[in-house]
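Notebook open, structure loaded. I'll jot down what I look up as I go.

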Amino acid sequence: MLENSNYHQVNREQLVDMLRHYCHVKDEYSHALLLYRVGDFYETFFQDAITVARELELYLTSKHGGKEIGKVPMAGVPHHALERYANQLLKKGYAVAICDQTEEAAIAERERRMVRREVTRVFTPGTLLEEALLPARENNFLCALILNNEHWGLAHGDVSTGEFRLTQAQGIDMLTQELLRIQPAEIILPVETPDLVGLLRPGESAGKIPAGLPIQFTYTLQPYRLFQGTNARQTLLETYGLKSLEGLGCDGLPLAVQAAGGLLGYLANNQGHYQTGLQLPHTYFVSEYMRLDQQTRRNLELTQTVREGAFHGSLLWAIDRTMTGMGARLLRRWLLQPLLEIQAISARLDTVAELVNRGGLRQRVREHIKQIYDLERLLGRVQAGTANARDLLALAASLFAIGRLAQVLDNVKSKYLQNLQIVPSELEALAERIRQLLVEAPPVTLTEGGVIRPGVDGELDRLKQTLTEDQNWIAQLEITEKIRTGIATLKVGFNKTFGYYISITRAKSEQAPADYIRKQTLTNEERYITPELKEREIRILTLQTEINQREYELFLQLRQAVSLQQNLIRPLAQKVAAVDVLAGFAEVAVMYNYQCPEIMAGRELHIKQGRHPVVEQLLPAGCFVPNDTHLGMGIDLMILTGPNASGKSCYLRQVGLIQMLAQIGSFVPLLQAKISICDRIFTRVGAVDDLATGQSTFMVEMCETANILHHATDRSLVLLDEIGRGTATFDGLAIAWSVAEYLAFYLKCRGIFATHYHELNELANTLKNVANYQVVVQELADQIVFLHQVQPGGADRSYGIEAGRLAGLPPVVINRAREIMHRIEQHSQITLGLQNYGVDLGNTQGELPLFAPNVPE
Ligand SMILES: Nc1ncnc2c1ncn2[C@@H]1O[C@H](COP(=O)(O)OP(=O)(O)OP(=O)(O)O)[C@@H](O)[C@H]1O
């Protein structure tokens, strides 16, 4: 059977009709798995069957392919379980094309031909609209990317919400970081060679995509013509009915325009009758936001924890109190794109402050927001033509809820709240129209009637009136016929095959009047029709079809009316999302006693009694020990020492997270703060082998450190935890020392350097902008008590041996270690070198001093 797995190689002339058609469709959708409707199943054949059976753990069977051909592989899924199976395939990075029967099988059967089938939908990971396939609180982005040497253009859109953004910049590294921030479900790349067009699942793209791009995403290779300059520009202009691109802010960004054109072109080609509902694109620049590389996003555990990759325990988990999917998605974006402008941050902070100070207002705002559905996704379905009556009712209910929200905002002061004071009257009217038109609890399907209220459409009411009359006539028929025939057991019934009939028991069938036409004989009864009954029946069926059609028409008109207002609904949804996020910030601030930071230009970072936002929520209430931080005014670099598990890493991250929170416009976990804007936060935390790229722990550490030293500025915040641990002690110390020196002396960035090399405390003697801090512990006779307090001064020794003792190393090992330690300290060249290292760096201008090569005689 496996010899027939390649559909390209079978002789199509010899195939049975259906499989020939399958191959024909497959030619067009070769990049996707083709699920082909046959009766109650979606079947796959040839290689697709083998793949689907393997991926979904289905039974691989076979189908007769033709006399000369024999069996071909086949695997299928029941039609009602399509979404579930398609979802599994999509998660594994496949595209799935659905080829449906587009007419009643009975019609084709009657005409003795094959039932008509065509592809009605292509699911690709980045073009999903189906609610069941999408995570509610995260975006599902489709990216399009074009490279021109070092320059690149990037467009990303979410067809389920309508968001669409463009940018252009330089440098593959920056592009990679941007992709890692967006976490696209699918990336479209142009290729010149037509036979390469297709889909590369995660991990399959190595060597097939430009070097340096991350390979963990799904890439869809598409013909270059979609991206070609004039084509792309034309696609953009036509899609949005524009004359020029000037208003979009991307006119001078040819690569961004090409990427956007490529993305729209791909959607147009792939979405069958579904339309793209992407809103007008918004142009942004990476430089508008604080730059965070993937390493820092990961180390600060912004959206997931390092160890388990879990949401629980991440910063997002700690601060997300949003109540709508729109708010949750916006918060994620804000978190990964902290702001750089004081004014913009202050606008958010002012709103949070107002909602913190006015508790009643905050509660009312949140109450109303809770009643608002995911307007962005509802609108996405409206645009795609998949929204049903329930969706429109949810949309109307949301618009009403926004109206009520507007009313509680009548005397607010902050910008974000004022933005929601007025709901456009067109939208109020639209919500009213939806409510008046649709019944309260409509069915999911749209073509079987029962959707539109009585009294809203004269035509529909007239049809329904006639239908009722006919139905009443039939209901009466039983009574009148009983009287006419004198048969008390006479009944009027209905079945799908014969329609309405008059039923008389066999015993009484003799008494049937002459105008009764016998239709069916059963064991105990005879069934009849009369010409008039048949006529009424035809009328009823026709009326029912007309009513359903009219209802559907009215619904489509209503959906169209909603669609026409998308330019009013979308911005309103975004305003609601922003208030949802900010009201969530206020809620967190009140719950955990966060304070408003004073945001400043310059380099100052003053934190009084700062706390780690996540650890404090994970520890029992009141257990977290707050600590101060002062950087940027005299002291730029803190050398932080302290025993294992004393809290160094926690403190380091806490400072980074407070800085982050301030720049996304949230209150911060501390007593008082002055926080200056950072251009970037860099982190080097812990050591994890990067097995994926085959780098050792130490090499990963060095690469990350090199990246920091190349890119940090005096406006950056650098958080380093344990540099130089993965090599020999002396190498490690030497590297740690020179890195710290470079940061403080050359770069003058603000930073914290946590280390077990207490020798680094010597640096503070030579560099004025370096200060020593330690996390203090209390040493009792047989144990160390962790106080988690950060205090000025350096630890004069490390506590590694102590930690070993607490962990249960045998006493003989511990004692021997102490002895060795003592001897090393006495004879160490490092100690001697540091002791003799006497250049006053504080007075040195612009030159980095050299170590005195002070080897003892
Ligand atoms: N300020 C604090 N208040 C209360 N508990 C804290 C505080 N800081 C840290 N802890 C607790 O101490 C534990 C150890 O902290 P952390 O991992 O930061 O230590 P460390 O000094 O970096 O250790 P190592 O040097 O072994 O990496 C944390 O998991 C946390 O539960």
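I started with the annotation. UniProt, in an unreviewed entry, places the feature "domain: DNA mismatch repair proteins mutS family" at residues 716-732. I'm looking at a predicted model here, so everything below is read from that. In residues 716-732 I get 24% helix and 29% strand, and the end C-alpha atoms lie 24 Å apart.

Next, the ligand. Which residues are closest to the ligand? I find Asn644, Gly647, Ser649, Cys650 and His788, out of 14 residues that surround it. Helix α21 (residues 648-663) gives the largest share of that shell, three residues. Sorting the shell by type, I get seven nonpolar residues, six polar and one charged.

Then I checked helix α1 (residues 17-28). Its twelve residues should span 16 Å at 1.5 Å a residue, and the end C-alpha atoms are 17 Å apart, so the two agree. Which residues of α1 are buried? Leu19, Tyr22 and Lys26 are. They cover an arc of only 50° around the axis, so they sit on the same side of α1. I note a lysine in that buried set. On the other side of α1 I have Asp17, His24, Asp27 and Glu28, which are exposed.

On to strand β7 (residues 142-148). Five of its seven residues are buried, so I wrote it down as mostly covered, taking 20 or more other C-beta atoms within 10 Å as buried. What does β7 pair with? Strand β8 (residues 151-157) runs antiparallel to β7, joined by seven bridges, and here Cys143 stands opposite His156. Strand β10 (residues 186-191) runs parallel to β7, joined by three bridges, and in this pair Ala144 stands opposite Ile188. The β7-β8 hairpin has two residues between the strands, and Asn149 there takes a positive phi near 50°.

Glu301 has phi near 50° and is found in the loop between α8 (294-299) and α9 (315-319). Lys748 has a positive phi of about 50°, and I found it in the loop between α23 (729-747) and β25 (750-754).

Buried or exposed, I asked of Glu301? Glu301 counts as buried because it has 22 C-beta neighbours inside 10 Å. Lys748 has 18 other C-beta atoms within 10 Å, so I put it down as partly exposed.

How values were computed
Residues are numbered from 1 along each chain as its sequence is written. This is a predicted model: local features need pLDDT of at least 70, side-chain atom pairs count only at pLDDT 80 or more; totals for chains, interfaces and linings use all residues. A residue is buried if 20 or more other C-beta atoms lie within 10 Å of its own, exposed if 12 or fewer, and partly exposed in between; C-beta atoms are placed from the backbone. Helices (H or I, at least four residues) and strands (E, at least two) are DSSP runs, numbered from the N terminus. Two strands pair if DSSP finds at least two bridges between them. UniProt positions are given in the numbering used here, feature names are shortened, and annotations may be inferred rather than shown by experiment. A residue is near a molecule or strand if its C-beta atom, placed from the backbone, lies within 6 Å of it. Ala, Val, Leu, Ile, Met, Phe, Trp, Tyr, Cys and Pro count as nonpolar, Asp, Glu, Lys and Arg as charged, and the others, Gly among them, as polar. The expected span of a helix is 1.5 Å times one less than its number of residues. The arc is that of the directions from the helix axis to the C-beta atoms.
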